[in-house]
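Please read the following note with the sequence and the coordinates open side by side.

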Amino acid sequence: MTALLEVSEIEKHFGGLQAVTNCSFAVEEGTVTGLIGPNGSGKTTIFNVITGYVQADSGTVRIGDRDVTGTGPGGICALGLGRTFQLTRVFARLTLLENIRVGSRGVPRAKRKELYSSQRCHELLDFVGLTRLANEQAGSLSYGQRKLVELATVLAQEPRVVLLDEPAGGINPTLIGQMADRIRELNRQGVTFLVVEHNMEFVMGICDSVAVMERGSVIAFGKPEEVRNDPRVLDAYLGGAVDDELTQPEEPR
Amino acid sequence: MAQPESAQAAADPLNTSMMRNSRRSIVLAALAIAVAFPFVFTNPAVTSIAMFTLLFVGASSAWNMFSGYTGYMALGNAVFYGSGAYFFANITDHLHMKSGVGLFAMVPLAGLFAGLVALPVGWLALRTRRHTFVVITIAIFFIFQLLAYNLTAITNGSSGMQLPIPHWGPRTYNTYFYMAALVVAVIAIVVSWGLRRSSFGLELLAIRDDEDRAEGLGVKTTRNKLATLVLAAIMTGMCGAVYAYYLGSIYPPFAFEAIFDITIALMAFLGGLGTVAGPVVGALIIEPMQQYLTLRFTGGGLSLILFGALFLIVIRFLPEGIVPSLGGLLRKRLRAKAAVHSSAPPTPPSGARVATTGPEVSGGAMR
């Protein structure tokens, strides 16, 4: 197994806020890796750094054996990495089919015809269960349905790695189950995933390994069940402040 | 290959083969009428208005293929109109060209020159987005107007430039310009239509809806925007050249006119922003109205006031424009009709479907 996506020693600050500090982790090929952590721990920032939407202050991002640090979103896409957004982003005034076809010129010319054939576009919509709405504008869909359209648009390009930013956030339980099924199925077909998610049940259900972030760095990495019982993780989630006071009362101020 | 699941998708009733055929007939009929027009209506006052209308059909379609598709509201396309006009005046002057039909051969060159002008203009303006972009385009427009007043070596300043006057008889004089304007307008419409149907055009619409996400899907946003602006500038520049030739003389405030910028945008808004037919419909309504008002009430002030009022009315009551609103209405009608006539509902679980469409249909028929 090799690391398909590797992030090392990333630093990023916005003004006075240190969003990401010395953040390193790797996503093995063919796995589903979860990225969890409390709000504000830097998960989305790392996503933005990897996908080229935000430039890191220092550190490197590698896809395969290629250093892609500083590459823009278009270049990252061309390397076979697709992403969805935390606040779902669809092309609201385009139909679902048009949404899927937007990425057609982002894939190599040789594969364009095959990947964007009418049949495959319909198959993708069928895959996310939205065939019925193929000719509706994406803006008329529910939040959860938009997430599925966003996923289908990314999948159309047949990416090697897919980064999902809160795929289960704010959508109803039925759709969450559907989303998990789709991810598992794609993973079986060989697609690698990195998933930011707050829904623990969802994460534990689909992930092979989990990275836990707190205050901008990865504090734990391992199998879901290991991470779940890691004291540092519990600390991060349940709030360390109370603990600190209890365990270190004599610390001089 | 047949797709059983695609049959379930609610088909667009305006995109059936019958609809496409009737749309084609309408377009061909409109073209026939446009070609025959100056031979039926020979009154020079009428053909003059018709010629200006066609120029605006072209210029507004050009504006729409950039601003309507990408959502970048440019209010400085007069830069390209004026550049085309001045290029035309200069080249005919330098080459000592005799007046006549042959001069129209310079119109495409004027368009290419305007396209060249669009490169630095776009490179500069497209570093910004939204409101900033609008303001920058207005600023660039005023810079060009100022240049036209002051670069006297090229523009002869406020004294203006004279163009060769053709020796055509009064009955056919306007017809030549009318046909030239018609050709330019048709080219602009065809390009606009071709863009709208292409995957490149789809990328432009994606930029309009969410530029950053489009970039993440591999859309080369900057390159696409610049290319489209250049394309629009070429069309606009050709309109400007025909305009200059028709007037016979060209002055900075007419070549670079702020009202032009607003007019072409208003036409597209009225007809339907981002649609192919929208700017055409808008120009066909607004330009004759404006010309009539200017002829009827000298001074032109009244038409400006009515312009402003019309703009407000459009934005208040027809925010989508005439074409999309009519399209929506027609679609509703057709769906209601189809629901009434279809004895076999398209989807298997028909019981619930029919029950729910019942009241909708009667509602549609009442309207």
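1. Two strands are said to pair if DSSP finds at least two bridges between them, and strands themselves, like helices, are DSSP runs numbered from the N terminus (E, at least two residues, for strands; H or I, at least four residues, for helices). On that basis S3(A) pairs in the parallel sense with strand S8 (residues 192-196) of chain A over four bridges, and S3(A) also pairs in the parallel sense with strand S9 (residues 209-214) of chain A over four bridges.

2. On conventions, this is a predicted model, in which local features need pLDDT of at least 70 and side-chain atom pairs count only at pLDDT 80 or more, whereas totals for chains, interfaces and linings use all residues. Residues are numbered from 1 along each chain as its sequence is written, while chains are lettered from A and ligands numbered from 1 in the order in which they are written.

3. How many residues of strand S3 (residues 32-36) of chain A are buried? Five of its five are, where buried stands for 20 or more other C-beta atoms within 10 Å of the residue's own, exposed for 12 or fewer, and partly exposed for values in between, with C-beta atoms placed from the backbone. In a regular strand the side chains alternate between the two faces of the sheet. Here both faces are covered, with A:Val32, A:Gly34 and A:Ile36 buried on one side and A:Thr33 and A:Leu35 buried on the other.

4. A:Val212 lies in strand S9 of chain A and counts as buried, with 25 C-beta neighbours inside 10 Å. Leaving aside neighbours within four places in sequence, its contacts (C-beta atoms, placed from the backbone, within 7 Å) include A:Ile36, A:Gly37, A:Val218 and A:Ala236.

5. Chain B has 15 helices and two strands, and of its 367 residues 40% count as buried. Among contacts in chain B between residues at least 6 apart in sequence, 80% join residues at least 24 apart.

6. Helix H3 (residues 78-94) of chain B and helix H5 (residues 130-150) of chain B pack at an angle of about 25°, with their axes 9 Å apart. They are therefore roughly parallel to each other, the classes being roughly parallel under 35 degrees, roughly antiparallel over 145, roughly perpendicular from 65 to 115, and oblique for the rest. In this contact B:Ala78, B:Val79, B:Gly82 and B:Tyr86 in H3(B) meet B:Ile140, B:Phe141, B:Phe144 and B:Ala148 in H5(B). By class, the contact has seven nonpolar, one polar and no charged residues, where Ala, Val, Leu, Ile, Met, Phe, Trp, Tyr, Cys and Pro count as nonpolar, Asp, Glu, Lys and Arg as charged, and the others, Gly among them, as polar.

7. Two backbone positions in chain B deserve a look. Most residues other than glycine have a negative phi. B:Arg130, found in helix H5 of chain B, has a positive phi of about 45° although it is not a glycine, and B:Arg130 counts as exposed, with 10 C-beta neighbours inside 10 Å. B:Asn156, in the loop between helix H6 (152-155) and strand S1 (161-162) of chain B, has a positive phi of about 60° and is partly exposed, with 19 other C-beta atoms within 10 Å.

8. Finally, the contact between the chains takes 25 residues from chain B and 28 residues from chain A. By class, the side of chain B that touches chain A has 10 nonpolar, six polar and nine charged residues.

Technical notes. Contact = placed C-beta atoms within 7 Å. Axes fitted to C-alpha atoms, helices over the stretch in contact; angles between N-to-C directions.
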